[in-house]
Amino acid sequence: MPELPEMETYRQQLTRLIIGVPITGVDVTRPKSLNVDPEEFAGKLIGNRIVRIERRAKHLLFHLATGEILLLHLMLGGWMFFGTQEEKPDRTIQVDIHLGNNSLSFIGLRLGYLHLHTPEVTHKLLQKLGPEPFELNLTQFRNVLRSKRGNLKVTFVDQTFLSGIGNCYSDEICFEAGLLPLRKVPSLTDNEQLQLYQAMQALLREAIAVGGYMEEPLFVGDRLTGQYNPKCRVYDRKDEPCLRCGSPIIQTEVSSRKCFYCAHCQK
Ligand SMILES: [Zn+2]
């Protein structure tokens, strides 16, 4: 599932590609991906423009010139493609927003959604999310940790604790901090909290800078998207040597989520 760095990469790239371009058509092959009837959806979009793209946690908010917001969550398996009819991947497209010669395609949107809301409703829907990792200073981070009793893995993927971190980056951050994902939050020393905070900031910034881990490019010639994939420290690297100490990476399951770590150099 795309996490904060993947959605931030989409936001930055799409901002350069689609802002201010008039919407000329809409195709919907999976009405369930929407929260309104496809005709109403098309009626509100055609002739409209996306004026700003915002990211909140793993959501993108496409702000329309008329004030409404398209709220996107790709969930598991969702991705986007931008390009001409000829460039489109040979995949089922659930929602296609035409922007002149190009279109923005939403693919793999079986669990994900693209909902049309007013700003007030959008705000209400997102208010349960915890703070963004980049909005927290160290003191605030220590304060939110104080309320947690579980292990690091479960804590990081809890969207009411911090928003935007999922299965991959929770393991990557723990590795970077030298801490086991199974460590209980109350057992962390002050120094370990600091290591965790610095690892989280550094790792997420690096992942954004290299375009996250999505496997499919956003457009033909996209050289950015997915460049974090070969840089993954532990995630999906079962039995491969640890980049720090050479020990084989362990794969386990924590609360029915895949979890990867090095048993030798993570404490
Ligand atoms: Zn190691």
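User: How many residues of domain 1 and domain 2 are in contact?

Analyst: Happy to start there. In this predicted model, 20 residues of domain 1 touch 23 residues of domain 2. The domain assignment places domain 1 at 4-126 and domain 2 at 133-261.

User: What is the area buried between domain 1 and domain 2?

Analyst: First the general idea: interface size is often expressed as the accessible area lost when the parts come together. Here, about 1,800 Å² is buried between domain 1 and domain 2, and carbon and sulfur atoms give 68% of that area. The centres of the two domains, taken over C-alpha atoms, are separated by 28 Å.

User: Let's turn to helices. At what angle do helix 6 and helix 7 pack?

Analyst: In general, a packed pair of helices is described by the angle between the axes and the distance between them. Helix 6 (residues 167-177) packs against helix 7 (residues 190-209) at about 125°, and their axes are 8 Å apart. The two helices are therefore oblique to each other. Helix 6 passes helix 7 in a right-handed crossing.

User: Which residues make that contact between helix 6 and helix 7?

Analyst: Helix 6 contributes Tyr169, Glu172, Ile173, Glu176 and Ala177. From helix 7 come Gln195, Leu196, Ala199, Met200, Leu203, Leu204 and Ala207. By class, this contact of helix 6 with helix 7 has nine nonpolar residues, one polar and two charged.

User: How does helix 4 cross helix 7?

Analyst: The axes of helix 4 (residues 138-146) and helix 7 come within 10 Å and cross at roughly 115°. That angle makes helix 4 roughly perpendicular to helix 7. Helix 4 also passes helix 7 in a right-handed crossing. On the helix 4 side, the contact uses Leu138, Phe141, Arg142 and Leu145. On the helix 7 side, the residues are Asp190, Gln193, Leu194, Leu196, Tyr197 and Met200. The contact of helix 4 with helix 7 divides into seven nonpolar, one polar and two charged residues.

User: And what angle does helix 1 make with helix 7?

Analyst: Helix 1 (residues 4-18) packs on helix 7 at about 40°, with the axes 8 Å apart. That makes helix 1 oblique to helix 7. The crossing of helix 1 past helix 7 is right-handed.

User: Which residues of helix 1 and helix 7 make the contact, and what are their classes?

Analyst: Leu4, Pro5, Glu8, Thr9 and Gln12 of helix 1 meet Leu204, Ala207 and Ile208 of helix 7. Sorted by class, the contact of helix 1 with helix 7 has five nonpolar, two polar and one charged residues. As you look at the structure, note that Leu204 and Ala207 of helix 7 are in the contact with helix 6 and in the contact with helix 1.

Conventions. Residues numbered from 1 in each chain as written. Predicted model: local features only at pLDDT ≥ 70, side-chain atom pairs only at ≥ 80, totals over all residues. Heavy atoms only, no water. Axes fitted to C-alpha atoms, helices over the stretch in contact; angles between N-to-C directions. Helix = DSSP H or I, 4+ residues; strand = E, 2+ residues; numbered from the N terminus. Parallel < 35°, antiparallel > 145°, perpendicular 65-115°, else oblique. Left-handed = near helix turned anticlockwise from the far one by under 90°. Contact = heavy atoms within 4.5 Å. Nonpolar A, V, L, I, M, F, W, Y, C, P; charged D, E, K, R; others polar. Domains from an automatic or database assignment. Buried area = accessible area lost by both parts, 1.4 Å probe.
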